[in-house]
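Here are my notes on how the two chains go together. Have the model open while you read.

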Protein chains: 2
Amino acid sequence: MKELKIQLLTREAFSPFGEVMELESAEHFTINNGTTERYHKLATADVEGEDAKVIMSVFEGQSFSAPIEIKMMERHPLGSQSFMPLDRRPYVVVVAENGSDNKPMEPQAFLVKANQGVNYFKNSWHHPLISLEDVSQFLVVDRDGGGDNLEEVYFDTPYVIDSLLVAK
Amino acid sequence: MKELKIQLLTREAFSPFGEVMELESAEHFTINNGTTERYHKLATADVEGEDAKVIMSVFEGQSFSAPIEIKMMERHPLGSQSFMPLDRRPYVVVVAENGSDNKPMEPQAFLVKANQGVNYFKNSWHHPLISLEDVSQFLVVDRDGGGDNLEEVYFDTPYVIDSLLVAK
């Protein structure tokens, strides 16, 4: 197995793969007669195809601990998919750019803070949910509708995250 | 002021106004090779009009305590709007059916549990966010795009929630 180092998630580092939903540096303004601050448009849903709808679901993910094997990746050709933690616990996202063979290139792993969400772009390779510390729930905004919205690829040689300490 | 009693939120009681996002009685199935449970399609975003997009924002609401005055209501003619608590604290929603004068009828107030979200239907009258206990954040899924998506009506005689104890 190939070792995969973990990085800290930033908007810039994640920009080829999707959007980071966090309050830091976000556009915000006061609404509701001064009682609410709106951190606006942290992400945009993007769906297409037959009867495409944007839906809200809750994912409850089992907890992982290192070493974490990354055997496969998936992507959703017809829609973006966002995850926002409901239990304020950190988690891991693993993403990859698309290669000329239409398979994921070298993956990148990010440690996501408990107050950050992610929105994978439509057709962006990613690993399924990797919760940390305990069983955790996430609000997921993704696509419902006709057509095949899931593609999976298994690596010939899997990767492994040996440590959740962020690489320097 | 007229007194407004508070009710416990259920899917059935809320059904004229929107959807309740909760795991109880929700369709669910296992995905991600057994590591994730998907509580599927708890709500659907519904947007229309010029350049309509579904967007994700975070609302940070100040905390209210009884007595809570309900002076006005608002609605969004071009899109649904959902709220999911990120801090696992209860909150209050106040909704009303539309009258023949296109103003809100007698409002209804619901105490929402910390693990419940709500999705107001497009054009459904509701009061702005009423957080309880402390400043609280919510993931909001609503509409971005052109056109006027906000209508507000002030009551001639305001309502007041004197107690957060659910009415028998």
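1. Start with a contact between the chains: B:D87 and A:R88 form a salt bridge through their side chains, 3.0 Å from N to O. Keep in mind that this is a predicted model. The rule finds six salt bridges across the interface of chain A and chain B, and it also picks out 26 residue pairs in polar contact there, both residues at pLDDT 80 or more.

2. Which elements of chain A give two or more residues to the side that touches chain B? They are β5 (36–44), β6 (53–61), β9 (81–85) and β15 (136–144). By residue type, that side of chain A splits into 20 nonpolar, twelve polar and ten charged.

3. As for extent, 42 residues of chain A are in contact with 42 of chain B. The two chains bury about 3,600 Å² between them, with 56% of it on carbon and sulfur atoms.

4. β5(A) runs antiparallel to β6 (residues 53–61) of chain B over six bridges, and A:E37 has B:E60 as its bridge partner in β6(B). β6(A) in turn pairs with β5 (residues 36–44) of chain B, antiparallel and over six bridges; here A:M56 is partnered by B:A43.

5. Trace one open sheet of seven strands: β4(A)-β5(A)-β6(B)-β15(B)-β9(B)-β12(B)-β3(B), with antiparallel pairing. β4 (28–31) of chain A and β3 (18–21) of chain B are at the edges with a single partner strand each, so one side of each has no neighbour in the sheet. On average, neighbouring strands of this sheet are turned by 25° against each other, direction ignored.

Key
Residues are numbered from 1 along each chain as its sequence is written. Chains are lettered from A and ligands numbered from 1 in the order in which they are written. This is a predicted model: local features need pLDDT of at least 70, side-chain atom pairs count only at pLDDT 80 or more; totals for chains, interfaces and linings use all residues. Side-chain values use heavy atoms; hydrogens and water are left out. Contact means heavy atoms within 4.5 Å. Buried area is the accessible area (1.4 Å probe) that two parts lose on being put together, summed over both. A salt bridge is a side-chain nitrogen of Lys or Arg within 4 Å of a carboxyl oxygen of Asp or Glu. A polar contact is a pair of N or O atoms within 3.5 Å; within protein, one must be able to donate a hydrogen and the other to accept it, and residues adjacent in sequence count only if both atoms are side-chain atoms. Helices (H or I, at least four residues) and strands (E, at least two) are DSSP runs, numbered from the N terminus. Ala, Val, Leu, Ile, Met, Phe, Trp, Tyr, Cys and Pro count as nonpolar, Asp, Glu, Lys and Arg as charged, and the others, Gly among them, as polar. Two strands pair if DSSP finds at least two bridges between them. Axes are lines fitted to C-alpha atoms, for helices over the stretch in contact, and angles run from 0 to 180 degrees between N-to-C directions.
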